Amino acid sequence: MAGDDGRSDTSEARRSVEVDGVEALRLLGSVSLGRIVFTQHALPTVRPVNHVLVDGDIVIRTHGDAALTRYTRQTGGEGAVVAYEADDIDPDTHLGWSVVVTGYARLVTDPRELAHYQALLRPWGSQRMDHAVRISPDLITGVRLTANGPSPSA
């Protein structure tokens, strides 16, 4: 069925299915791009970043002057509360998945660990990314957007 704008209306042809934390982390590990949400000047701030999943934690690279680096540095050892979101949703069918992780972000200070992450993650730009942030998930939620199958009575 086509809507007023000529596009097909597939909203009734999909459903949202929650996935458990293990599946959500597996999905998160299958992509390299996400968005980190943190507080800057008492307001939420969102930055697109690339990531790698290491032992259930999300690791991103950053630079010393970045707002996220400053934010995690201010909180000390307990870490900074952040959210991390990644998804893979088809723009035409709107099918796919989305995962949101909430947890604590801490600067990586161990030189060997930092070198390991620098080898795993390539920065997008030419700016020197000499820091890494490791996010330990406390809350993991995920949904899979799937096509409805035929109804059982059909």
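A salt bridge here is a side-chain nitrogen of Lys or Arg within 4 Å of a carboxyl oxygen of Asp or Glu, and the model to which this criterion is applied is a predicted one.

Q: What makes Glu 113 and Arg 134 a salt bridge?
A: The closest N and O atoms of Glu 113 and Arg 134 are 2.9 Å apart, and the cut-off is 4 Å, so the pair qualifies as a salt bridge. The pair links distant parts of the chain, with Glu 113 in helix α3 (residues 111-120) and Arg 134 in strand β8, 21 residues apart.

Q: Why is Arg 134 called buried?
A: Arg 134 has a relative accessible area of 17%, and buried means under 20%, so the label applies to Arg 134.

Q: What makes Asp 57 and Arg 134 a salt bridge?
A: Their closest N and O atoms are 2.7 Å apart, and the criterion asks for a distance within 4 Å, so Asp 57 also forms a salt bridge with Arg 134. Asp 57 is itself buried, because its relative accessible area is 14% and the limit is 20%.

Q: How do you know that the buried residues of α1 line one face of the helix?
A: In helix α1 (residues 21-29), the buried residues are Ala 24, Leu 25, Leu 27 and Leu 28. Seen down the axis of α1, these buried residues fall within an arc of 160 degrees, so they line one face.

How values were computed:
Residues numbered from 1 in each chain as written. Predicted model: local features only at pLDDT ≥ 70, side-chain atom pairs only at ≥ 80, totals over all residues. Heavy atoms only, no water. Buried < 20%, exposed > 50% of the residue type's maximum accessible area, 1.4 Å probe, protein only. Helix = DSSP H or I, 4+ residues; strand = E, 2+ residues; numbered from the N terminus. Arc of directions from axis to C-beta.
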